[in-house]
Amino acid sequence: MACHILPIILVSAGDRADAIKFIEDVTKGQVVEFENWTEGSKVWVITNKYYHAQVQLKPLDDSRQLPDVWEHRVEAHVIYITEAEEKEPLVAELAEERRSRALRGEARALVRLVVCAGEVSATSLGGDALRSWARRHRYELVSLTEEPEPDSHGASDGPFPETYGLDRVRDTLHAHPWRGLERIDRPADDEPGPPAEVAAQGSDDEDDDPEVAVERAERFAAALGALGAAGGAGGGLAELPAEERLLAAEQLVAEFCRALGVDLPAL
C-alpha cells in the first residue's frame, strides 16, 4: 500500500520531541522511515497472530493543527501528557485543546488514548477532571507507570492477562482492525479450499482444538470490550455523527463475526 494512503496513528503532545520519543518507545524503534517525504514518514508494521498492517505514525505538537490531507486517514489518536503537565489543575482543558486540534474536519479516530507519563492522581483536582474528560470523550486513560497490584496472585497468567503502561498501549493498537490489514490466520483468497465434506470434518477438529478455542475466546473478549467502550459513559455511539456511528457499528459486527469464526467477504 502506498505510504500516502496508509492509516494514521496521530500523537498529540506539547513538544514534537516528546511525541517522537513516545512513538519510538511504543514501536520499540521498529519503524521504516521514508526520508524523501516532507517531515519524514514513520511506518510501523503491526504484526500479531491474526493480521499484519502498515500504519503511519505522525507527531502533532501544540503549535500545529491537523493538515487537511490527513483528515480521512486518522484511525487512532493518542494524547501524550508529560509528568509536569499532569500536575497542572487545567490538564483536562489541555487534553481538550489537543483533541480539538487533532480531530477536526473529516478526522475520525476509533482508537483514542490519553497516555500519561506519570501516575495520574485520582485525588487531585486535575487528575479527577482528566478522568472525567476521558470518559466523556471515549478516551482510555493509560499511565506509563501503572503496574499490577502486588496481591494479584498470578492473575496475569490467565488467558486474558491485564496489561499496563506501554504494553497496554500496544495491545490496544493491535486490537484495532486497521484499514488495509492483511489476515494471516486464514488461507489467501486465491488458494483452492478443501472439498465441502473435508472442510466440515476439519471444522469439527477445529472445535476440539484448545488453541483455536482460546483464540476465539480472546477475540470474543476483545469484541465485548469494544462493545462496552462504545456504549460507555458519555453516550458512546449514540453521540457520534451518523457516518462515524455506522463505521463503528460495522467494525463491532466484524469483530464479533471473527470471534464466532464467521468470515464475511467484506472483511
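A residue is called buried when its relative accessible area is under 20%, exposed when over 50%, and partly exposed in between, using a 1.4 Å probe and protein chains only. P89, with a relative accessible area of 55%, is therefore exposed. You will find P89 in the loop between α2 (83–86) and α3 (91–102); helices (H or I, at least four residues) and strands (E, at least two) are DSSP runs, numbered from the N terminus. Along the chain P89 and D128 are 39 residues apart, and their C-alpha atoms are separated by 9.6 Å.

Before going further, a word on the model. This is a predicted model, in which local features need pLDDT of at least 70 and side-chain atom pairs count only at pLDDT 80 or more, while totals for chains, interfaces and linings use all residues. Residues are numbered from 1 along each chain as its sequence is written, and side-chain values use heavy atoms, with hydrogens and water left out.

Let us turn to helix α1. Its twelve residues, 16–27, should span 16 Å at 1.5 Å a residue, and the end C-alpha atoms are 17 Å apart, which agrees; the expected span is 1.5 Å times one less than the number of residues. Within α1, the residues A19, F22, I23, V26 and T27 are buried. These residues cover an arc of only 120° around the axis, so they lie on the same side of α1; the arc is that of the directions from the helix axis to the C-beta atoms. After α1 comes K28, whose phi is positive, near 55°.

Where does F22 lead us? F22 is among the residues with the most contacts inside the largest nonpolar core, which has 26 residues. Such a core is a set of buried Ala, Val, Leu, Ile, Met, Phe, Trp, Tyr and Cys residues joined through side-chain atoms within 4.5 Å. Elements giving two or more residues to this core include α1, β1 (8–13) and α5 (165–174). A second, separate core of 23 residues includes I79 and A92. In soluble globular proteins, nonpolar side chains tend to be buried together.

Our last stop is N48, in the loop between β3 and β4. Is N48 buried or exposed? At 18% relative accessibility, N48 counts as buried. The side chain of N48 has a polar atom 2.9 Å from the backbone nitrogen of Y50, and reaches the backbone nitrogen of Y51 at 3.0 Å. Leaving aside neighbours within four places in sequence, N48 is in contact (heavy atoms within 4.5 Å) with H174 and I184.

Conventions
A polar contact is a pair of N or O atoms within 3.5 Å; within protein, one must be able to donate a hydrogen and the other to accept it, and residues adjacent in sequence count only if both atoms are side-chain atoms.
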